[in-house]
Amino acid sequence: MEYDKPFKDYDDLIDLMVSRNLIVEDRSAAKKCLRDYGYYGLINGYKGVFIDNNDQFEHGTTMEMLVHFRQFDKDLQNILFKYSVFIETKLKNTIAYAISKEYGVDERIYLRSENYSESNRNRRLKEKTLSEIRKTLTSGYFPTKYYVENHNHVPAWILLKNVSWNTCENLYGILKPRMKRCVTEELLELSVAKNVQNQLCGSALFYVRKFRNAIAHDERFVTLRIVDLGRSNYQIQYRWFNGAFRKHLLDGSKQNGDGVFAFVISLCTFLNAKQIAKLSDDIEHVLDNITNDDESFLSNKIWRKYCSCSGIPIDLTLRLRRYLDAI
């Protein structure tokens, strides 16, 4: 059989890149990059950034530029991933607290179907979600396994530790209206109109989870768009925000968020002022790492290119600081 994706050694791959207009000045260094990052991760992973509609690299694109861009992208992803993990924990703890306060600590009681939304739209989602959570009781993961074997009940704050983010997000979706409103108000760290709170919270959680998963699984990130996933109904509507958030963070932005900037905005909806200040510091530190006297031109080009592809405003950290000064 003639395979359409046959094996190519490093020299073959470098020749292929050069034939596509990439500038490779040091083949030995290029081989090390391919060994460390892989052709797919380095080239195809940033296809939407450096490659034009003719499947050729943009004029002047070098191997060095690709490597620097990738490193900056991964450094920024690591920062954003850290905050997304915090939000996952916050979601689980907030839901667990609300469920425990309302229904107690016995999983045989708080997982009863009647304790969740009775709407026809949520019925199938409810049964699927509760079934998945009950399966966690026999999954053998700690700390749930320890409680099953050593206690006479498994409280929600233990059980939800072993439940996936997606399932917890669905659990949030099937909460009864009063409880959902309480959880939403606890999750959101900014003031928005009550009639958009649940929609904003649900969309922001979806964004954080999807972009967090892209980071965790080394998938396309900088050019990721929610509409590409067929979930345009989850787009962040900037009209939902008001006050300093809209004036400073969203100044001049389009009406709908869809890319990496919308992910950052989603993170900020769940972070308090101190955490946003730390996020800003972390991003500035990454920007400082790619800027030095010898490579200032390349570094500035990388940041501008990154902003252009991701939808992030080039003055992101300044916007974060202005927002913090205004609240």
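This is a predicted model: local features need pLDDT of at least 70, side-chain atom pairs count only at pLDDT 80 or more; totals for chains, interfaces and linings use all residues.
Local features require pLDDT of at least 70, side-chain atom pairs count only at pLDDT 80 or more, and totals for chains, interfaces and linings use all residues. Residues are numbered from 1 along each chain as its sequence is written, and side-chain values use heavy atoms, without hydrogens and water.

A cis peptide bond links Phe142 to Pro143. Its omega is near 5 degrees. Pro143 sits in the loop between helix H7 (120–136) and helix H8 (144–150). Helices (H or I, at least four residues) and strands (E, at least two) are DSSP runs, numbered from the N terminus.

Positive phi values occur at two aspartates. For Asp55, a residue other than glycine, phi is near 65 degrees. Asp55 belongs to the loop between helix H4 (47–50) and helix H5 (63–103). Its relative accessible area is 33%, so Asp55 is partly exposed (between buried, under 20%, and exposed, over 50%; 1.4 Å probe, protein chains only). Asp218 is not a glycine either, and its phi is about 55 degrees. The loop holding Asp218 runs between helix H12 (194–216) and strand E1 (236–237).

Tyr207 is placed in helix H12. Its relative accessible area is 0%, so Tyr207 is buried. Val260 lies 53 residues from Tyr207 along the chain. The C-alpha atoms of Tyr207 and Val260 are 9.1 Å apart.
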